[in-house]
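Thanks for coming. Please have the structure open while I talk.

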Amino acid sequence: MINPQVFVSRRIFPEALDLLSQVAEVEVWPEELPPNAGELENKIANADGVLTTIMDRVDAPLLAKAPRLKVISQLAVGLDNVDVAEASRRGILVGYTPGILSKATADVGFALLLSAARRIGESERWVRAGGWEMSFHPMYWLGAEVNGATLGIVGLGQIGLEMAKRGLGFDMRVIYHSRTRKLELEERYGLEYVAPQVLLSESDFVSLHVPLTPETRHFIGEQELRMMKSTAILINLARGPVVDAKALYTALNEKWIQAAALDVTDPEPISPDDPLLTLSNLVISPHIGSASVTTRKEMCMMAARNLVAGLKGERLENCANPELYPSKGL
Ligand code: DGY
């Protein structure tokens, strides 16, 4: 019997490739930059399975060119680059990697929060530029107190909850807004559910953890930034377009809010000429939320297991469209 064909769109941990190789002929995209739309189309034209990252646009026109595709395995929790509805329409299972990356991602979220609050990046640049001329000054580099401050979590999914737990560890008051209210978590962790306007106006730190959908695009725009305290700090670990980048620039430049910390941008990657990068009250990291060795390896293994399961006609460990199972006898 001919082995199924699998295309892996980026270099991943060899252990995950080994797993795939046990059941399939595997082709890995060898370049540093991801395949463009035409290259991806070409690579999956005869594939039975594909392992994708957030940089691969898996849309209806692409899926129309992949008649053999049985399973898409996304190496991420976010699926905004994949047209899951169209995949379902075509009977293609979609795997993803929720859960395992939540703690590592929230660690980066909290690192960004602390860095923006206590001006770590800004003061480090000052030291490197030779600005540190006296050991200590009572009035230098004053930042925001984290202990006792109010942390507003937008989206209480697994990453949002991990961020909340880190806030509680720093004795913060944690308020949240989510599509669905989570009474059990409120009780267990002492979290307060509030309306978005209350969250924006009462939080010292607003941390975004919502998926990118048409409803959440520009969830934070001029109006929302104006509702925030002038001392507030915005943290975005979700997806760049959840924040209106132009409005954010104006808000930071004109000090409507104190600072922002971004692990994601719009566009991504951000251009070196982007005006946001001229601002000293912006902390930025290059989409590294889940980038610990342990977590990335586990993500690769989970994505590989999802792909193998799909190829074997079994249930995926994490499936974004499990409604397909009955039609597949699973
Ligand atoms: C995700 O998992 O969605 C991240 O943004 C990429 O690791």
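Strand 3, residues 49–52, and strand 4, residues 71–74, pair in the parallel sense over four bridges. Two strands count as paired if DSSP finds at least two bridges between them. Helices (H or I, at least four residues) and strands (E, at least two) are DSSP runs numbered from the N terminus. Within this pair, Thr 52 has Gln 74 of strand 4 as its bridge partner.

Before going on, the conditions. This is a predicted model, in which local features need pLDDT of at least 70, side-chain atom pairs count only at pLDDT 80 or more, and totals for chains, interfaces and linings use all residues. Residues are numbered from 1 along each chain as its sequence is written, and side-chain values use heavy atoms, with hydrogens and water left out.

Five strands make up an open sheet with parallel pairing, in the order 2-1-3-4-5. Which strands stand at the edges? They are strand 2 (25–28) and strand 5 (93–95); each has a single partner strand, so one side of each is left without a neighbour in the sheet. On average, neighbouring strands of this sheet are turned by 15° against each other, direction ignored. For angles, axes are lines fitted to C-alpha atoms, for helices over the stretch in contact, and the values run from 0 to 180 degrees between N-to-C directions.

Strand 1 pairs with strand 2 in the parallel sense, again over four bridges. In that pair, Phe 7 stands opposite Glu 27 of strand 2. Between the two strands the chain passes through helix 1, residues 14–21, and this β-α-β crossover is right-handed. By right-handed I mean that, with the strands pointing away from the viewer, the path from the first strand over the helix to the second runs clockwise.

Helix 12, residues 293–311, lies across strand 1 (5–8), strand 3, strand 4 and strand 5, and runs at about 175° to strand 4. Contact here means heavy atoms within 4.5 Å.

Helix 12 also brings us to the charged pairs. Arg 305 forms a salt bridge with Glu 317, with the closest N and O atoms 2.7 Å apart. This pair links distant parts of the chain: Arg 305 is in helix 12 and Glu 317 in the segment after helix 12, 12 residues apart. A salt bridge is a side-chain nitrogen of Lys or Arg within 4 Å of a carboxyl oxygen of Asp or Glu. The whole structure has 22 of these salt bridges.

Another one joins Glu 162 to Lys 103, at 3.3 Å between the closest N and O atoms. Glu 162 sits in helix 7 (residues 158–169) and Lys 103 in helix 5 (residues 102–117), 59 residues apart. Are the two partners buried or exposed? Glu 162 is buried at 9% relative accessibility, while Lys 103 is partly exposed at 48%. The cut-offs are under 20% relative accessible area for buried, over 50% for exposed, and partly exposed in between, with a 1.4 Å probe and protein chains only.

Last, the domains. The chain is divided into domain 1 (5–100 + 293–328) and domain 2 (102–284), with bounds from an automatic or database domain assignment. Their centres, taken over C-alpha atoms, are separated by 32 Å. How many residues of each domain are in contact with the other? Eight residues of domain 1 are in contact with six of domain 2.
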